[in-house]
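Me: I have a structure to go through for class. Can you take me through some of its contacts?

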Amino acid sequence: MRTFLSVFAIAVEVTMILTLVGVSYGTLDSTARRARGVGADIMVRPPGSSIIGLSSAPMPDLLIPMLLKQPHVTLATGTVVQPLAGFDTVTGLDLNSFTKMSGGFHFLEGGPFQKDDDIIVDEYYAREKHLHVGDTVPLINHVWHLSGIFESGKLTRIAVKLPVLQELTGNPNHLSQIYLKVDNPKNAHKVVSALQQKMPGYPIYTMEEFTSLLTVSSVELLRNFIGVVIGVAVIVGFIVVYMAMYTAVLERTREIGILKAMGASAGLILTLLLKETLVLASSGALAGIILTYGTQWCMQHLVPSSLTQETVYAWWPIAGCIAIAGALLGAIVPAMKAINQDVTQALAYE
């Protein structure tokens with residue numbers, strides 16, 4: 001039972017690491033996929049905004065006519081992004097200009113918004129909230145009418161009319177970000193360079209550059225959070241293995257004394273204990289990898305969520321090594337106790 005619980009605890013440690021990493025990668029990859037689905041070549045963001053964060057709507061929409069006059073720019077459309085709880089946001093957009101740029105949404109149920117109170121959501125949000133066309137959706141102190149459910153992968157999960165969201169958020173005639181399409185994707189870098197000179201302080205990216213920045217290593221908040229979770233996981237593994245091996249050494253005091261009396265060296269006893277620890281940690285790491293598929297299934301079926309968990313194979317050996325390192329650290333003190341046991345006292349131990 002002690003062995004089983006030790007393996008299970010190490011498995012939970014590994015599962016915790018892999019699940020967090022999988023959700024982080026999945027969230028950023030889905031954001032990049034939606035950004036690519038816009039069909040734009042360039043993105044203009046507000047001064048001071050981070051890669052994944054936005055400041056409500058600080059850019060005047062008068063920038064759009066100015067941007068349309070730039071060489072090689074053929075289309076421009078702006079959006080307002082209002083954060084909700086968790087990772088969700090509501091996006092206000094001009095459906096006509098967005099359709100020209102991206103080809104429009106592919107609706108699985110219903111259709112685009114017509115009235116000011118209409119709202120459209122993607123399939124994942126609809127499944128998470130158990131929504132169907134015709135339902136009412138209370139968001140940002142307003143009751144919306146669900147007019148359509150669209151296939152995910154374009155711009156946002158929730159969309160409403162741009163002027164309506166501007167009024168509701170107190171940002172009339174202002175935008176959160178602007179997307180540009182150029183006559184030839186090869187000219188995107190040239191246009192970005194020209195705009196950076198005309199609009200100092202504005203983060204301006206090609207879409208290729210922007211999506212390449214959506215990685216865990218580029219987002220400091222996620223990177224730090226993963227580091228904290230890994231630290232906690234190592235501590236958990238250390239404590240679990242320490243307790244398991246310390247108990248094992250106490251229970252085997254007499255057997256260790258017999259081995260020493262028969263001439264077993266300290267190195268042999270240390271090797272035996274470390275091998276046992278390695279087997280526990282390796283078994284726990286393997287079980288943790290298998291349990292990760294269970295967390296994926298739970299997120300998809302038992303607790304439907306807008307979050308996406310990916311299987312990040314590159315982290316399998318990393319999580320395994322972290323678990324094994326923590327386990328070996330936890331085995332050091334019990335192993336030293338076993339080595340330093342007095343043979344006479346060990347043989348007399350009951």
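Me: Which residues in α10 meet α11?
Reply: Ala266, Ile269, Leu270, Leu273, Leu274, Thr277, Leu278, Ala281, Ser282, Ala285, Ile289 and Tyr293 in α10 meet α11 residues, among them Trp316, Gly320 and Pro334. Contact means heavy atoms within 4.5 Å.

Me: How many are nonpolar, polar or charged?
Reply: In the contact of α10 with α11, 20 are nonpolar, three polar and no residue is charged. Ala, Val, Leu, Ile, Met, Phe, Trp, Tyr, Cys and Pro count as nonpolar, Asp, Glu, Lys and Arg as charged, and the others, Gly among them, as polar.

Me: Is this predicted or what?
Reply: This is a predicted model, where local features need pLDDT of at least 70, side-chain atom pairs count only at pLDDT 80 or more, and totals for chains, interfaces and linings use all residues. Residues are numbered from 1 along each chain as its sequence is written, and side-chain values use heavy atoms, with hydrogens and water left out.

Me: What's the mean pLDDT of the chain?
Reply: The mean is 84, and 92% of the residues reach 70 or more; pLDDT is the predictor's confidence in each residue, from 0 to 100.

Me: Back to the helices. At what angle do the axes of α10 and α11 cross?
Reply: Roughly 150°, and the axes come within 8 Å. Axes are lines fitted to C-alpha atoms, for helices over the stretch in contact, with angles from 0 to 180 degrees between N-to-C directions.

Me: So what does that make α10 relative to α11?
Reply: Roughly antiparallel, the word for angles over 145 degrees.

Notes:
Helix = DSSP H or I, 4+ residues; strand = E, 2+ residues; numbered from the N terminus. Parallel < 35°, antiparallel > 145°, perpendicular 65-115°, else oblique.
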